[in-house]
Amino acid sequence: MVTHDDQKAPEPDFGSLLSLEIQGLYRYAYSLIGRPAEAEDVVGETLLRALERQTQFHNQTPLRSWLHQILRNIAIDRSRHQSHESLVEEVESTWSDERYRVDAEMILERLELRGELQEALFHLPVKYREVVVLHDAEGWSTPEIATMLEVALPAIKQRLRRGRMMLVTSLAKGAERKVANRNVVMRCADARYQVSDYIDGDLPAEQASLLEAHLASCATCPSLYTSLVGVTASLGSLRDPNTVVPSDLAQRITMKLATKARAPGKPAAPS
């Protein structure tokens, strides 16, 4: 007879296990991408791929690590080099200079504002940013990160060291950016993400108003917007009405289309 104590609780299904990881996956995705809607999209794609590859998952690998690997591959495939990222060599050189110092009081004040910290994080190259976020925000150990990223442990420790240094420098430089953009109503990263929809007239009125206010006060985005408008207009000029298909080629294309469209058994029209 099986007693109550001998009964084992049913194993949670795979979908339930995945749902427990959503919050951590979203934080990681957002740290890599910086745009909420796209981060949500990447998390969704990650979970779908995980379900499709369920048979490939082995219990020897922590589920959290396996899911973060999938998400990272998706995010990196989508990402492009961002010109605002800090240069590693420049930061190393700066921190090697014994005269380099920062205003610690100002940095600690900025750290109290979540938006300021996130803005500074987005100026770190992805491979350093992700290690800092996973280790210092999510509580992963350096061996866990090394296993997930498939990178040697000494390299992970170096990325963590450099990432922290870059973050401090980014926070210090943030004060300068804040003075230059003191009247800005939205982050430059958000404005640049939305500007293409704005050009096409697809941005909702409220967001369009915020973007217009941003462009009116930002120190850097207006030149990018003007260039995007110019590029878009120039591409439109490539549609040259004088560039036409030669008449004999057009006739051959028409005949081929007519042949494909003809119903089976229908005789060809007399030429």
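Helices (H or I, at least four residues) and strands (E, at least two) are DSSP runs, numbered from the N terminus. This is a predicted model, in which local features need pLDDT of at least 70, side-chain atom pairs count only at pLDDT 80 or more, and totals for chains, interfaces and linings use all residues. Residues are numbered from 1 along each chain as its sequence is written, and side-chain values use heavy atoms, with hydrogens and water left out.

Start with the overall fold. The protein has 14 helices and 0 strands. From the N terminus the elements read α-α-α-α-α-α-α-α-α-α-α-α-α-α. Of its 271 residues, 32% are buried (under 20% relative accessible area; exposed is over 50%, partly exposed in between; 1.4 Å probe, protein chains only). A contact means heavy atoms within 4.5 Å. Among contacts with a separation of 6 or more, 71% link residues 24 or more positions apart.

Now take helix α9, residues 142-149. Its buried residues are Thr142, Ile145, Ala146, Met148 and Leu149. Seen down the axis of α9, they fall within an arc of 165°, so they line one face of the helix. The arc is that of the directions from the helix axis to the C-beta atoms. After α9 comes Glu150, with a positive phi near 60°.

Ile145 sits in α9. Its relative accessibility is 0%, so Ile145 counts as buried. Leaving aside neighbours within four places in sequence, Ile145 contacts Val131, Leu134, His135, Trp140 and Ile156.

Helix α10 holds Thr169. Thr169 is buried, at 7% relative accessible area. Its side chain makes a polar contact of 2.8 Å with that of Trp95. Such a contact is a pair of N or O atoms within 3.5 Å; within protein, one must be able to donate a hydrogen and the other to accept it, and residues adjacent in sequence count only if both atoms are side-chain atoms. Not counting residues up to four places away in sequence, Thr169 touches Val91, Trp95 and Tyr100.

Helices α2 (22-33), α7 (114-121), α8 (126-137) and α10 (153-180) each give two or more residues to the lining.
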